[in-house]
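I opened this model to look up a few positions and write down what I found. The entries follow in the order I made them.

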Amino acid sequence: MHADQPISRERLTEPPGEVYTSTVLEPSFRFMLTEYFDSLLEVNKAWTLMLGDTRIVPADHVRQLLSALNRMTDEGVGAFAEFNPAYEYFYSHLEHRLAEYAGADAAGEINLGRTRPEPLTRMALRGRLLRLNEELGELIDTLLELAEREADTVMPQWTHMQPAQPSTMGHYLVGIVNALQRDTERIASAYRTTNVCTLGCGALAGTSYPVDRESVAVLLGFDGVRENTIDCVASGDYALEVSAAVANLGITLSRLCEDFYIWHTDEFGLVEIGDAFAGSSSMMPQKKNAYPFEYVRARGARAVGDMTAAFGALHNTNFGDIKDVEEEMVPPVFRVCDEMSVSLRLLRGTLQTVTVHRERCEARAAAGFSTATELAAMLHRNSDLDYRSAHRVVGHLVLLATQRGIEPSAVDSSLLNEAARDTLGKDAGLTDQQVRDAIDPRGFVAAHTVRGGPAKEPLQNAIVDAQRRSVERREWVAGAKDRLTSAHDRLAERVTDVLG
């Protein structure tokens with residue numbers, strides 16, 4: 001192979017044009033050099049070993065190829081930074097260097113039974129997915145620590161942004177943790193879909209050479225082989241699954257951020273982040289802005305955009321090897337993973353500095369008649385009223401108190417009796433103590449012992465269960481990382497054994 005001889009361009013009569021080169025070939029080369037360099041060398045080593053093991057390629061060519069590939073690994077990506085339009089593709093640039101080091105005859109064997117795309121996108125994604133799951137797990141652990149710390153912090157909750165029922169900060173945070181743990185499961189599922197090997201698929205119909213697809217998959221740390229050879233070159237659903245899982249995570253994070261963002265306002269005053277994560281104003285000296293929540297929210301929106309871009313790239317494409325699948329789908333999927341990693345680190349650092357203003361939380365929980373449902377339940381349990389009638393009585397009580405400017409803490413049995421007479425024509429029959437117990441937010445929380453509720457016992461059970469699942473997640477990530485590391489080491493050992 002001559003130094004400037006193009007690869008696989010004998011069918012064409014002209015070299016790549018300047019516009020095509022500048023808009024497609026060189027940007028593609030730069031992207032792949034950054035993302036795929038080490039992975040392609042590992043794929044070439046694994047494929048070379050398999051070609052030797054199956055005796056498809058003679059042993060001397062195998063040694064020449066492996067020696068050259070090791071040399072290229074040692075030189076590193078910087079040695080390949082120069083783009084030569086005569087070589088066109090990233091793969092071709094490396095094949096030319098391989099021919100220079102191993103000889104044209106040996107290098108000419110490297111692509112037996114192979115085509116593009118190779119599993120390089122899968123290899124680049126699996127590392128990102130494990131990092132995301134690891135960083136998400138660290139955020140979950142931070143939230144669980146905060147939930148334990150604030151398990152008894154009574155606070156208001158809202159439906160339709162109106163006072164609803166009181167709960168605790170710990171109860172809220174465990175709810176967020178549960179949602180995020182489902183995100184870890186989605187990311188793990190995307191990893192399993194991604195971590196299968198497509199090598200040996202040929203152009204779409206496999207190869208007539210007796211290749212061993214399974215052995216290559218093992219050498220590269222894949223969990224299995226994507227069997228159907230058309231599916232190997234055509235499918236992009238693994239990357240769509242990744243983008244969807246990450247976008248779902250982005251939405252969960254943005255909703256958490258929106259709550260803390262509102263609670264951080266002067267009007268709510270329930271939480272406050274540390275100064276190291278806050279911003280100020282160049283004009284207004286009084287400002288302490290919770291910028292991290294704004295950044296994470298916005299990046300959640302971008303995650304949805306990148307997911308849409310990936311889905312759009314495959315929409316209305318034929319089910320085959322096509323640049324839409326091979327290249328155009330990939331950048332938004334990588335981008336959504338990388339930006340979400342940034343969001344996770346930023347949010348974790350921010351939440352580690354949070355101060356919860358507990359007295360303010362409890363005072364707000366006592367306002368707005370958020371315990372009205374328990375007063376209705378108390379009336380139902382201690383009278384002959386059905387629940388809907390009790391609900392009507394309490395609703396009318398809230399109306400009377402609101403019209404007269406009576407705070408919830410000042411409500412007594414006389415006001416409840418008045419509401420009952422107006423509504424049903426008879427007294428409610430509760431004592432002042434029963435009314436106070438029902439309206440007290442701490443009593444409300446303590447009474448809600450239902451599984452998954454905010455009372456002490458179910459909340460502690462929920463925290464323990466979430467901690468157990470967090471440990472299981474850490475073990476899964478560690479196991480997946482160990483399997484990839486072991487495969488990398490086995491591949492290096494096999495190469496060393498062959499080269500002696």
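**Entries from the predicted model**

I started in a loop: Phe319 sits between helix H10 (291-314) and helix H11 (323-328). The model is a predicted one, and I keep that in mind for every entry.

Is Phe319 buried or exposed? I noted a relative accessible area of 56% for Phe319. Phe319 therefore counts as exposed, since the cut-off for that class is over 50%. Leu204, Ile230 and Phe319 make a nonpolar surface patch of about 290 Å².

**Helix H12**

I went on to helix H12, which covers residues 330-351 and holds Thr350. Which residues does Thr350 contact, leaving aside neighbours within four places in sequence? I listed Ile273, Phe277, Pro292 and Phe293.

Ser343 lies in helix H12 as well. I read a relative accessible area of 1% for Ser343, and Ser343 is therefore buried. Not counting residues up to four places away in sequence, Ser343 touches Val296 and Arg299.

**Arg128**

Next I looked up an arginine. Arg128 is part of helix H5, residues 120-149. Why does Arg128 count as buried? Its relative accessible area is 9%, and the class takes in values under 20%, so Arg128 belongs there.

I then checked what surrounds Arg128. With residues up to four places away in sequence not counted, Arg128 touches Glu35, Phe334, Cys337 and Asp338.

**Strands E1 and E2**

My last stop was a pair of strands. Strand E1 takes in residues 154-159 and strand E2 residues 162-168. In which sense do E1 and E2 pair, and over how many bridges? I noted the antiparallel sense and 5 bridges. For Val154, I found Thr168 in E2 as the bridge partner.

E1 and E2 form a hairpin, with 2 residues between the strands. His160 in the turn has a positive phi of about 55°.

Methods
Residues are numbered from 1 along each chain as its sequence is written. This is a predicted model: local features need pLDDT of at least 70, side-chain atom pairs count only at pLDDT 80 or more; totals for chains, interfaces and linings use all residues. Side-chain values use heavy atoms; hydrogens and water are left out. Helices (H or I, at least four residues) and strands (E, at least two) are DSSP runs, numbered from the N terminus. Buried means under 20% relative accessible area, exposed over 50%, partly exposed in between (1.4 Å probe, protein chains only). Contact means heavy atoms within 4.5 Å. Two strands pair if DSSP finds at least two bridges between them. Patches are made of residues with over 30% relative accessible area and no salt bridge: like charges are joined within 9 Å, nonpolar side chains (Val, Leu, Ile, Met, Phe, Trp, Tyr) within 5 Å. Accessible areas come from the Shrake-Rupley method with a 1.4 Å probe; for residues, only the protein chains shown count as cover. A salt bridge is a side-chain nitrogen of Lys or Arg within 4 Å of a carboxyl oxygen of Asp or Glu.
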